[in-house]
Amino acid sequence: MSNQYDELKSLLEASRNMLGKNNLKEQRDTLRSAGLIKEQEDAPDNIEMDSEEEIEMDTEPTEDKQRTYRVSGGLITLHGKNKQQLELSTEEKTAFQETMDDFVNDVSDLSDFGKLNMYPNNVDWSGKVIDFDLEFYFSIGENNGVYINGDMIKLDENLVELVNKLTSYYEKFKSKWAKLLSQRKKTANVDVE
């Protein structure tokens, strides 16, 4: 009996290590340090206005600049090297609003969205499905994929259904934002010529 208890305890500890928040953070830090993803710190939580106005963010003195906008309660940050790359188009505002609305309709209405980051070569977005206490991370461009993180989440049919919804929704997200990313690249190339 003690052997079974020790095995279960060992398995529980291993699953906590694999699913733990620190593990995802360590993996994200490893990808960031290898230069595979670029991710900025979250915007300050003290932003009270819910509008489409520009929010200036302090950046380190590098070539890369960023500008954050609040759109219908969500934050979208554009990363680039010039003023044009930091301008949010009406189409991008609409797409971001649709992205949040579609997620609520297709995946879960109990969600907390993080900032959507739009870089010259990739887009990433994260958030949390509150009723499962599960974090999600979508990335397209240089590092395509859906990533999830949670702590001691019961593996049952509801979780499998949620993972399937996240995976299915990711395809919609990828299609929409890959198109917008492509349009940004075309616009940038036209202005260079």
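Student: How many helices and strands does the secondary structure of the protein come to?

Tutor: The secondary structure comes to four helices and seven strands, where helices (H or I, at least four residues) and strands (E, at least two) are DSSP runs numbered from the N terminus. Along the sequence they follow the pattern α-α-β-β-β-α-β-β-β-β-α. Please keep in mind that this is a predicted model, in which local features need pLDDT of at least 70 and side-chain atom pairs count only at pLDDT 80 or more, while totals for chains, interfaces and linings use all residues. Residues are numbered from 1 along each chain as its sequence is written, and side-chain values use heavy atoms, with hydrogens and water left out.

Student: What percentage of the residues of the protein count as buried?

Tutor: A residue is called buried when its relative accessible area is under 20%, exposed when it is over 50%, and partly exposed in between (1.4 Å probe, protein chains only). Of the 193 residues here, 33% count as buried. Strand E2 (residues 65-71) is mostly covered, with six of its seven residues buried.

Student: Which strand is joined to E2 by bridges, and how do the two run?

Tutor: Two strands pair if DSSP finds at least two bridges between them. In this model seven bridges join E2 to strand E3 (residues 74-80), and the two run antiparallel; Tyr69, for example, has Ile76 in E3 as its bridge partner. The hairpin of E2 and E3 has two residues between the strands, and Ser72, which lies in that loop, has a positive phi of about 50° although it is not a glycine. Ser72 counts as partly exposed because its relative accessibility is 42%.

Student: Which residues of the largest nonpolar core touch the most other members?

Tutor: In soluble globular proteins, nonpolar side chains tend to be buried together. A nonpolar core is a set of buried Ala, Val, Leu, Ile, Met, Phe, Trp, Tyr and Cys residues joined through side-chain atoms within 4.5 Å. The largest one here has 30 residues, of which Ile76, Phe103, Leu116, Trp125, Phe138, Phe173 and Trp177 touch the most other members. Among the elements that give two or more residues to this core are E2, E3 and helix H3 (90-106), but the largest share, nine residues, comes from H4.

Student: How many aromatic pairs does the count come to?

Tutor: Rings of Phe, Tyr and Trp (its six-membered ring) pair if their centres lie within 6.5 Å, and planes under 30 degrees apart count as stacked, over 60 as edge-to-face and the rest as tilted. By this rule the count comes to 15 aromatic pairs. One of them, formed by Phe103 and Trp125, is edge-to-face, with 5.7 Å centre to centre and 85° between the planes. Phe103 lies in helix H3 and Trp125 in strand E5, so the pair ties together parts that are 22 residues apart in sequence. Both residues, Phe103 and Trp125, are buried.

Student: Is Met118 buried or exposed?

Tutor: Met118, which is found in strand E4 (residues 111-118), counts as buried because its relative accessibility is 1%. Contact means heavy atoms within 4.5 Å, and, not counting residues up to four places away in sequence, Met118 touches several residues, including Thr77, Trp177 and Arg184.
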